[in-house]
Amino acid sequence: ADAARTLTNPLESALEPEQEKEAEIESLEELKQQEEEALEEEPEKLQLPVQEKVPEPVASAPPQISDVPMPTPEPERPKQVEAIQSSHVSPFKLILSLRWFPVLSSLAIVILLALGFQHLRKQYQERQFHIENLLTKTKQALGDDEYTRYLEAIDIAQEVLDIDATNEQAYDYLALAYAILAQEHEVPRAQEKANGFLHLATDLNEIPSSLRLAAQAILALITKDYEENINIIKAAVAYKEDNPLLRLALFRLENAQAQTDKNIKKPDIPNVLLSPSAWKTRIYHRLGWYYLTEQNWLLAADYFNKSTQNNPNHVFSRLGKAHALLEDRSEIARYETEINHSLQAILSLNTQSLSIPTRAFAHFVRAQMDLWNGHDQRAREAFLTARQLSNSSSYYMHRYGVALLRIGQPELAYKLFEELAEKHPENFAYLKAKTQ
C-alpha cells in the first residue's frame with residue numbers, strides 16, 4: 001500500500017500543473033469573450049479618427065521623485081522666432097517683421113533729415129566763410145593801390161562771382177578796380193568794363209553803395225561830368241557813413257571842377273581823409289598828387305612819403321616823392337642817392353609789372369635827374385619817351401619846360417608852352433607859363 005501511494009503521488013503532482021494550465025486557458029478565453037462582447041456593445045468608442053500624435057506637455061507629467069537630480073527644463077521659445085532662426089533670416093527682415101517697424105522707420109527718416117540738414121548747413125557756412133575770406137583779400141589788394149594789386153583784386157573778386165553770382169560787393173569791387181585802372185593807369189577797355197559792372201551791381205540793388213559811388217566819380221573824371229556826379233555824391237554823403245574813399249572821390253571831383261572854372265572855389269581837404277583807414281595808402285597818394293598840382297612840393301613829398309610808409313612797394317608814391325624833391329631842389333643833395341636808387345630799381349622792373357603811366361612817370365623823373373646832373377641830351381631822350389608813353393604828357397611837358405627855363409633854355413621851353421596852350425586853352429597855368 002505504501003508503494004502504491006508513492007507511485008500515485010508523483011502522477012498526481014504531475015497532473016496538477018496541467019490542470020492549472022487548462023484552467024488558466026479557460027479563464028483567458030472567458031476574458032477574451034467578455035472583451036469582445038464589450039466591444040460589440042460600444043463600437044463608436046473604438047472607431048476614433050486617426051490623428052497625428054501630439055506630444056504631451058512636459059508640465060502635465062506628474063513629478064517623479066528620484067535620487068538623481070533632473071536637469072531644469074528650458075523655457076519654450078516662440079515658434080515665430082524658432083522658425084526665423086531655423087531659416088537663417090537676415091536682421092533687416094527680422095526688423096520688418098516687428099510690429100514697431102513704422103516707428104523705427106519714422107525715427108530713421110527724421111535722423112537722416114537732421115543729418116542732411118546739418119551737412120547742408122555746414123557746407124553753407126564753409127561757403128560763406130570762403131566768400132568772406134576772398135572779399136577781405138580783394139579789399140586788401142585794392143587798399144595797396146598798386147597796378148599789379150588791382151589786377152589781383154579783379155581775379156579774386158571774379159572768383160567770388162564764380163561761387164555766388166549775386167554777390168553785390170564783388171561787383172562793386174570790380175567796378176572800382178576797373179575805374180581806377182582806366183583813369184590812373186590808362187588800361188584799354190577798363191572804362192567799358194567798369195561801366196558794365198556798375199550796371200550789374202545796380203540790377204542787384206538800386207541803392208548804390210559807397211564803393212559804387214566812388215567808382216562812378218572816378219569815371220566822371222574821365223568824362224568830365226562833374227556837376228551831376230558831385231550832386232549825387234553829396235546827397236549820398238548826407239545819408240551814408242562818412243566813408244573816406246567816397247569823400248576822396250568827392251574832393252577830386254570838386255577840385256577838377258574848380259580847375260576848369262575860376263568862379264568855383266577850390267575845396268578844402270576833408271578831415272576824414274587824414275584819419276586812419278583801410279584806404280590810407282591811396283588817400284595819401286592822391287593828396288600827394290593834389291599838392292603837386294598846387295606846386296607845394298615839400299608837402300607833396302611828405303604825403304608821398306606817408307603813402308610809402310604804408311606800402312613800401314608803391315611805385316607811384318616813390319616816383320612822386322622824387323619828382324617833388326627835384327622840383328623843390330632844396331633837398332636834392334640830401335635825397336639824391338635815394339632818388340637814384342629808386343629810379344634804378346623801378347626802371348629795372350619787368351614792364352608787365354608796371355602800367356604805361358607808371359613807366360612814363362619813371363622816365364620823366366629820370367629826365368629831371370639828368371637835367372640836374374647836366375646830362376641834357378640824355379634828359380631829352382628820357383622826356384620824349386615819357387611823352388610818347390602816357391596821355392598825361394601835358395603835365396610832363398609843362399614841368400619839363402619849367403626845368404628847361406631853369407637851366408637856361410627858354411626857346412625850347414617856349415615851344416612846349418605854346419603847344420600846351422593850343423591843346424588846353426582852358427588851363428590857366430599853361431597860358432601863364434607861355435606869357436612868362
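## Salt bridges

A salt bridge here is a side-chain nitrogen of Lys or Arg within 4 Å of a carboxyl oxygen of Asp or Glu. Arg399 and Glu327 make one, at 2.8 Å from N to O. That pair ties together distant parts of the chain, with Arg399 in helix α18 and Glu327 in helix α14, 72 residues apart. Helices are DSSP runs (H or I, at least four residues), numbered from the N terminus. Arg399 is buried at 4% relative accessible area, and Glu327 is buried at 3%; buried means under 20%, exposed over 50%, and partly exposed in between, with a 1.4 Å probe and protein chains only.

The model is predicted: local features need pLDDT of at least 70, side-chain atom pairs count only at pLDDT 80 or more, and totals for chains, interfaces and linings use all residues. Residues are numbered from 1 along each chain as its sequence is written, and side-chain values use heavy atoms, leaving out hydrogens and water.

## Around α14

Twelve of its 14 residues are buried, so α14 is largely enclosed by the rest of the structure. The cover includes α7, α12, α13, α15, α16 and α18.

## Other pairs

The structure holds 17 salt bridges. Arg387 and Glu419 form one, with the closest N and O atoms 2.3 Å apart. Asp145, Glu184, Arg252, Arg282 and Arg286 are linked in a salt-bridge network.

Conventions:
Helices (H or I, at least four residues) and strands (E, at least two) are DSSP runs, numbered from the N terminus. Contact means heavy atoms within 4.5 Å.
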